[in-house]
Amino acid sequence: MNTRTEELYLEAEADIRSSNFHEAFRKYEEILYEEPDYAPAHNSLGWIYKTQFENFQKAEVHFKAAIASDPLYPHPYFHMASILVELERFEELREFLDRCLGIRTLDKSWVYFRYGMVAELRGQFSEAMDWYRKALLQTMNNDKVRDYQTDIERCQTKMNIGRQNKPWLSFRRK
C-alpha cells in the first residue's frame, strides 16, 4: 500500500459522505486496479453495490475479497452478515458467525447479538434472549447495554403474546 492509495481512498470516503457515489466508485476501482488486495476499497465498493444498486451478488464478492485480503479488517464482516440476514440465509449466517468468533478484531457482543437476531427471526425467543444476555455481558458500551436490554424485553413480550395466542402463531421460520 502506498501513500497515493491511502489518499485516494480517503478522497473516495469523503465522496461517499457527500453522496457523490459515482466519483467514489471510480476511485475505488482505480485503487483496486493498482492494488487488487486493498481490503478497505473492496469493502467500500461492496457497500456501494449493496446500498446503491441492491446488487447483493457483487457486494458479496467484494466483501469476501476484503475478508480474504485482510482477515482482521472488521468492516466487511458486518456488511456480509447484513446481506445474509436480508437474504434470509440463516444457516449460512450461523456458520459465518461461528467463524467471526475467532476474529480477534471483531466485537464479540456484536457476534452474539447477531446470533440473537437469527433466533428471534425464527421465533425462538427464549434462545434469542440467551444470546442477547451474552451480548450484554460482553459489551462495555452503556448504549449497547440498553439496546440489548430492549432486545430481551421485546423477546419476552413476543413470548408472552405467543403463549396467549398459540392457535394462530405458526409463523416460525425453520
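Tutor: Let us begin with glutamate 86, which is partly exposed, its relative accessible area being 44%. Please keep in mind that this is a predicted model.

Student: With which residue does glutamate 86 form a salt bridge?

Tutor: The general idea is that side chains of opposite charge can pair when their charged atoms come close. Here the partner of glutamate 86 is lysine 50, and the closest N and O atoms are 2.8 Å apart. Glutamate 86 belongs to helix H5 and lysine 50 to helix H3 (residues 39–52), so this pair ties together parts that lie 36 residues apart in sequence.

Student: Is lysine 50 buried or exposed?

Tutor: Buried means under 20% relative accessible area. Lysine 50 has a value of 12% and is therefore buried.

Student: How many salt bridges does the whole structure contain?

Tutor: A search of the whole structure finds 18. One of them joins the side chains of lysine 27 and aspartate 15, at 2.8 Å from N to O. Lysine 27 is in helix H2 (residues 21–34) and aspartate 15 in helix H1 (residues 3–17), so the bridge ties together parts 12 residues apart in sequence. Both lysine 27 and aspartate 15 are buried.

Student: How far apart in helix H2 are arginine 26 and glutamate 23?

Tutor: They are three residues apart, which means a separation of about one helical turn. Arginine 26 and glutamate 23 form a salt bridge, with 2.4 Å between the closest N and O atoms. Arginine 26 is partly exposed, at a relative accessible area of 36%, and glutamate 23 is also partly exposed, at 23%.

Student: Let us turn to helix packing. At roughly what angle do the axes of helix H5 and helix H6 cross?

Tutor: The axes of H5 (residues 75–86) and H6 (residues 90–100) cross at roughly 160° and come within 9 Å. Angles over 145 degrees count as roughly antiparallel, and H5 and H6 are therefore roughly antiparallel to each other. The crossing of H5 past H6 is left-handed.

Student: Which residues make the contact between H5 and H6?

Tutor: H5 contributes Tyr77, Met80, Ala81, Leu84 and Val85, while H6 contributes Phe90, Glu92, Leu93, Phe96 and Cys100.

Methods:
Residues are numbered from 1 along each chain as its sequence is written. This is a predicted model: local features need pLDDT of at least 70, side-chain atom pairs count only at pLDDT 80 or more; totals for chains, interfaces and linings use all residues. Side-chain values use heavy atoms; hydrogens and water are left out. Axes are lines fitted to C-alpha atoms, for helices over the stretch in contact, and angles run from 0 to 180 degrees between N-to-C directions. Helices (H or I, at least four residues) and strands (E, at least two) are DSSP runs, numbered from the N terminus. Angles under 35 degrees count as roughly parallel, over 145 as roughly antiparallel, 65 to 115 as roughly perpendicular and the rest as oblique. A crossing is left-handed if the near helix is turned anticlockwise from the far one by less than a right angle, and right-handed if clockwise. Contact means heavy atoms within 4.5 Å. A salt bridge is a side-chain nitrogen of Lys or Arg within 4 Å of a carboxyl oxygen of Asp or Glu. Buried means under 20% relative accessible area, exposed over 50%, partly exposed in between (1.4 Å probe, protein chains only).
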